[in-house]
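Please read the following points beside the sequence and the coordinates.

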Amino acid sequence: MRVVSGIQPTGNLHLGNYLGAIRNWVRMQDEMEDANRAQAAAGGSAEKNQCLFFLADLHAISMPHVPADLHKGTLEMAAALVACGIDPAKSVLFNQAQVPQHAELQWLLGGTARMGWLNRMTQWKDKAGKNREGQSVALFTYPVLQAADVLLYQATHVPVGEDQKQHLELARDIAQKFNNDFASEEAPVFTLPDPIVPPQAARIMSLRDGMAKMSKSDPSEMSRINLADDPDTVMKKVKKAKTDPEALPSEEAGLAGRPEALNLVTIYAALTDRSVSDVLGEYGGEGFGKFKPALGEVLVESLRPISARFTELLEDREALDAILARGASRAREIAVPTLDATYKALGLVRG
C-alpha cells in the first residue's frame with residue numbers, strides 16, 4: 001500500500017488545519033508503520049507500506065502569488081507538518097519543486113488528457129469564474145499535474161475529500177487511457193489509485209463566528225488559534241471567543257441553533273479524542289465561565305509541544321532544508337523508474 005497526498009504551502013497554520021488533514025496524515029503514517037512492524041514480525045513480504053506527503057508549491061503558481069510569501073509558506077508548512085507529527089524517518093516528506101519529475105510527467109500526460117475532461121472540472125469553473133480567458137493555463141491544466149503527482153509514485157491510495165474526488169477520477173481516467181494506448185494489460189505503466197475517505201475530521205469554525213470556518217484569511221487574529229501562538233495568547237483568544245448566555249446542555253441536541261457553543265465543544269472533543277456527547281456529559285449545566293478555562297488548558301497542553309517544535313525548526317533553517325532535501329531524494333528514487341517507463345512507452349528517444 002502506497003499513499004500519496006499533497007497540501008498547499010499556505011503558511012500561518014491554525015487549529016483548523018491541524019484537526020483537519022494534518023492529524024489524519026499523522027495517524028495514517030503511524031498505522032502504516034505499525035503494519036510494517038507486524039508484517040516483518042510475521043516474516044511477511046519485504047515490500048513496505050509507505051506514505052508520501054508533499055508540499056504542492058508547483059500548484060501554488062497556478063494562481064497569482066507573491067514569490068516571497070510562497071517561499072516562506074513552504075518552509076513554514078514543512079516545519080508545521082514535522083511539528084505536528086509527520087516523521088521524515090517514517091514518511092517521505094518533500095516539496096514538488098525539488099522533484100522535477102512531477103512537471104515532466106505532467107507534460108507527458110498532456111498528450112493523453114482531453115480538453116473535455118478538464119473543462120468538466122468543477123474547481124476550474126469555480127476558480128475561473130466568468131473570466132476564463134484571463135486565467136492562467138496552469139489553472140486549467142493543474143488537474144493533470146495532480147494526476148502526475150500520484151501516478152508518478154504508483155500510488156495505490158489517495159486520501160480525498162468531497163472537493164477532490166473528481167480530480168482523482170481524472171487521474172484514473174488518464175492512467176487507464178495511457179495504459180490502453182501505450183502499454184499492455186499484462187504490463188501497465190501506471191497503477192490506478194483508489195480513494196481513501198479519511199475519518200470524519202472535526203469541522204473547526206471561527207472563534208468570532210460559529211457559522212464561518214476558521215481561516216487564516218480572516219482579518220481578525222482573535223478568530224483563530226495559530227499553531228505558533230504562545231499559551232497566554234491561546235488562553236486570551238479562548239476566553240474572548242464568542243458564546244451565548246446559556247449554560248451548556250447535557251445532550252448534543254441541545255446545541256442546535258448554538259453554533260459558537262457547538263464549535264467550542266467540538267474543539268474540546270477533538271483534542272481529547274472524545275465525542276461531543278461525552279464532553280457534554282461532563283460539562284452539561286455548566287456555564288462558559290468554567291468551560292472556557294478548561295478548554296484553554298486542553299488547547300495549551302495539546303499545542304505546547306507542536307508550537308515549541310515548530311519554532312525550533314523555523315529557527316534552524318539548515319535542519320529544515322535537510323529534511324526536505326532527504327525527502328526529495330527519496331521521492332526522486334521512487335519516481336525515476338515510472339518516468340523512464342513513460343518515456344519508453346511513448347517512443348521518445350533519450351540516448
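1. Arg172 and Asp194 form a salt bridge in which the closest N and O atoms are 3.2 Å apart, the term being used for a side-chain nitrogen of Lys or Arg within 4 Å of a carboxyl oxygen of Asp or Glu. Because Arg172 belongs to helix α8 and Asp194 to strand β5, this pair ties together parts that are 22 residues apart in sequence; helices (H or I, at least four residues) and strands (E, at least two) are DSSP runs, numbered from the N terminus. Arg172 is partly exposed, at a relative accessible area of 23%, and Asp194 is likewise classed as partly exposed, at 36%. For these classes, buried stands for under 20% relative accessible area, exposed for over 50% and partly exposed for what lies in between, with a 1.4 Å probe and protein chains only.

2. On provenance, the model is predicted, so that local features need pLDDT of at least 70 and side-chain atom pairs count only at pLDDT 80 or more, whereas totals for chains, interfaces and linings use all residues. Residues are numbered from 1 along each chain as its sequence is written, and side-chain values use heavy atoms, with hydrogens and water left out.

3. The structure holds 19 salt bridges, and two further pairs deserve a look. Glu260 and Lys242 meet with an N to O distance of 4.0 Å; since Glu260 lies in helix α10 (residues 259-271) and Lys242 in the loop between α9 (231-239) and α10, the pair ties together parts that are 18 residues apart in sequence. Glu260 counts as buried at 11% relative accessibility, while Lys242 is partly exposed at 41%.

4. Asp244 forms a salt bridge with Arg258, where the closest N and O atoms are 2.7 Å apart. Both Asp244 and Arg258 are placed in the loop between α9 and α10, at a separation of 14 residues. Here Asp244 is partly exposed, with 21% relative accessibility, and Arg258 is buried, with 12%. Beyond such pairs, a network of salt bridges links Glu221, Arg224, Asp229 and Lys237.

5. Turning to the rings, those of Phe, Tyr and Trp (its six-membered ring) are taken to pair if their centres lie within 6.5 Å, and planes under 30 degrees apart count as stacked, over 60 as edge-to-face and the rest as tilted. By this rule there are nine aromatic pairs. One of them joins Phe178 and Phe182 in a tilted arrangement, 5.0 Å centre to centre with 50° between the planes. Phe178 and Phe182 are four residues apart in helix α8 (residues 165-182), and therefore about one helical turn separates them. Phe178 is buried at 0% relative accessibility, whereas Phe182 is partly exposed at 35%.

6. Phe178 also pairs with Phe190: the ring centres are 5.1 Å apart and the planes stand at 65°, so this pair is edge-to-face. As Phe178 lies in helix α8 and Phe190 in the loop between α8 and β5 (194-196), the pair ties together parts that are twelve residues apart in sequence. Phe178 and Phe190 are both buried.

7. Two other ring arrangements can be checked by eye. Phe54, Phe94 and Tyr153 are linked into a cluster by ring pairs. Arg350 lies over the face of Tyr343, at 3.7 Å from the ring centre, where a charge sits over a ring if NZ of Lys or CZ of Arg is within 6 Å of the ring centre and within 35 degrees of the ring normal.
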